[in-house]
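Please keep the sequence and the structure at hand while reading.

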Amino acid sequence: MEGLATSAFLSLSVLYLMISYVRSELSVEDCLALGYNRATLFCSSCDLLEKFELNSLKTDCLQCCKAEDPGPVQAFVKSDRPGKFPNLQVKYLGGQMPQIRLIDADGNEETLSITKWDTDTIVEFLQTHLEAPEPERDDNTSDNEI
């Protein structure tokens, strides 16, 4: 009976060590060696690994990721404010920092990081830089009508 109790104790100890290991975080250097950048890797990106049948990478990914900060950019996106800008498209790209990509009529692009912008700054920027959509015309009106 004593041998059985010792085996059970050792099994529980090993299980505890395994759980502790899974919950621990890897160092910045260890994460870089595995191909993960702790500064930019969000834990929500690790959840996407299952979608691509890459479950074997998830444990290390979760040890190298950081929780997403629901900061001003996310607050802006989840509010009704984006709907007030018909020329605005919002796309979520996992693992990337928030940015605005401006594309002019000629197809020229400019990308700006908005990581540290607050909601009011985003709104002001969009009001300044997005062209207002052309008003819809009623087919019953003429160009000369006042």
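How many disulfides does a search of the whole structure find? The search finds three, in a model that is predicted.

## Disulfide pattern

With the bonded cysteines counted along the chain, the disulfides follow the pattern 1-5, 2-6, 3-4. One of them joins cysteine 31 to cysteine 64, with an S to S distance of 2.0 Å, and links distant parts of the chain, since cysteine 31 belongs to helix H2 (residues 28–34) and cysteine 64 to helix H4, 33 residues apart. The torsion about this S-S bond is about -95 degrees, so the disulfide is left-handed. Cysteine 31 is buried at 0% relative accessibility, and cysteine 64 is likewise buried, with a relative accessible area of 0%.

Another disulfide joins cysteine 43 to cysteine 65, at 1.9 Å from S to S, and with 85 degrees about the S-S bond this link is right-handed. Cysteine 43 lies in helix H3 and cysteine 65 in the loop between H4 and H5, 22 residues apart; cysteine 43 counts as partly exposed at 22% relative accessibility, whereas cysteine 65, at 9%, counts as buried. The remaining pair is cysteine 46 and cysteine 61, joined at an S to S distance of 1.9 Å and left-handed, with -85 degrees about the S-S bond. Cysteine 46 lies in helix H3 and cysteine 61 in helix H4, so this pair ties together parts that are 15 residues apart in sequence. Cysteine 46 is buried at 0% relative accessible area, and cysteine 61 is buried at 3%.

## Helix H4

Lysine 58 is placed in helix H4 and, although its side chain is that of a lysine, counts as buried at 18% relative accessibility, because the cut-off for buried is under 20%. Leaving aside neighbours within four places in sequence, lysine 58 is in contact with Cys46, Asp47, Leu49 and Glu50. Glutamine 63, also found in helix H4, is buried with a relative accessible area of 0%, and its C-alpha atom is separated by 10.0 Å from that of aspartate 30, 33 residues away along the chain.

## Nonpolar cores

The largest nonpolar core has 11 residues in all, including Val73, Phe85, Ile114 and Trp117. Helix H5 (72–78), strand E1 (99–103) and H6 are the elements that give two or more residues to this core, and H6 gives the most, with four. A second, separate core of nine residues includes Cys31, Tyr36, Cys61 and Cys65.

Leucine 126, a member of the largest core, touches Phe76, Phe85, Leu88 and Ile100 when residues up to four places away in sequence are not counted. Aspartate 118 lies in the loop between strand E2 (109–113) and helix H6 (119–129) and is partly exposed, with a relative accessible area of 38%. Its C-alpha atom is 6.8 Å from that of valine 73, although the two residues are 45 apart in sequence.

## The loop between H3 and H4

Glutamate 53 lies in the loop between helix H3 (43–47) and helix H4 (58–64), and it counts as exposed at 74% relative accessibility. Most residues other than glycine have a negative phi. Glutamate 53, by contrast, has a positive phi of about 55 degrees although it is not a glycine.

Leu48, Phe52, Leu54 and Leu57 form a nonpolar patch on the surface, with about 350 Å² of accessible area together. Of these, leucine 57 lies in the loop between H3 and H4 and is partly exposed, with a relative accessible area of 36%.

Terms used:
Residues are numbered from 1 along each chain as its sequence is written. This is a predicted model: local features need pLDDT of at least 70, side-chain atom pairs count only at pLDDT 80 or more; totals for chains, interfaces and linings use all residues. Side-chain values use heavy atoms; hydrogens and water are left out. Buried means under 20% relative accessible area, exposed over 50%, partly exposed in between (1.4 Å probe, protein chains only). Patches are made of residues with over 30% relative accessible area and no salt bridge: like charges are joined within 9 Å, nonpolar side chains (Val, Leu, Ile, Met, Phe, Trp, Tyr) within 5 Å. Accessible areas come from the Shrake-Rupley method with a 1.4 Å probe; for residues, only the protein chains shown count as cover. A salt bridge is a side-chain nitrogen of Lys or Arg within 4 Å of a carboxyl oxygen of Asp or Glu. A nonpolar core is a set of buried Ala, Val, Leu, Ile, Met, Phe, Trp, Tyr and Cys residues joined through side-chain atoms within 4.5 Å. Contact means heavy atoms within 4.5 Å. A disulfide is a pair of cysteine sulfur atoms within 2.5 Å.
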